[in-house]
Amino acid sequence: MARLTKAERVAAKEARIQRLAEEHAHLKNGKCPRCGCGLRRNNSMTGWFQCNALGAVGFQTGDGIGKPACDFQFFFDPTPAEREELERRGL
Ligand SMILES: [Zn+2]
């Protein structure tokens, strides 16, 4: 496997921090950015969050029940170092 250059590693790290910052904003807001329903934690995997309207009828929950299905979901799983970086940026 080809090694990444330093510039590529820096870019990849920054892209991940940006993604984590966006996810953190969703959690702080508590709303799905696509449909506006609430977000819920899926406890089957650490850091997994889903829109309340995700899934078929019977799997939706809270304010997502009966809404058009929404597939928004993400993993918010920062390492301790990434958490520190987010805090340094005031997020
Ligand atoms: Zn949604």
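Ala12 sits in helix H1, which spans residues 6-29. Helices here are DSSP runs of H or I with at least four residues, strands are E runs of at least two, and both are numbered from the N terminus. The model is predicted: local features need pLDDT of at least 70, side-chain atom pairs count only at pLDDT 80 or more, and totals for chains, interfaces and linings use all residues. Residues are numbered from 1 along each chain as its sequence is written.

**Helix H1**
- Ala12 counts as exposed because it has 11 C-beta neighbours inside 10 Å.
- Ala12 and His24 are 12 residues apart along the chain, and 18 Å separates their C-alpha atoms.

**The sheet**
- An open antiparallel sheet is built from 3 strands, ordered E1-E2-E3. Pairing requires at least two DSSP bridges between two strands.
- E1 (39-42) and E3 (73-75) are the edge strands; each has a single partner strand, so one side of each lacks a neighbour in the sheet.
- From one strand to the next, the twist averages 25°. Axes are lines fitted to C-alpha atoms, for helices over the stretch in contact, and angles run from 0 to 180 degrees between N-to-C directions.

**Strand pairs**
- E1 and E2 run antiparallel and are joined by 4 bridges. Arg40 has Gln50 in E2 as its bridge partner.
- The E1 and E2 hairpin has 5 residues between the strands, and Gly47 there takes a positive phi near 80°.
- E2 (residues 48-51) pairs with E3 over 3 bridges, also in the antiparallel sense. Phe49 has Phe74 in E3 as its bridge partner.

Key:
A residue is buried if 20 or more other C-beta atoms lie within 10 Å of its own, exposed if 12 or fewer, and partly exposed in between; C-beta atoms are placed from the backbone.
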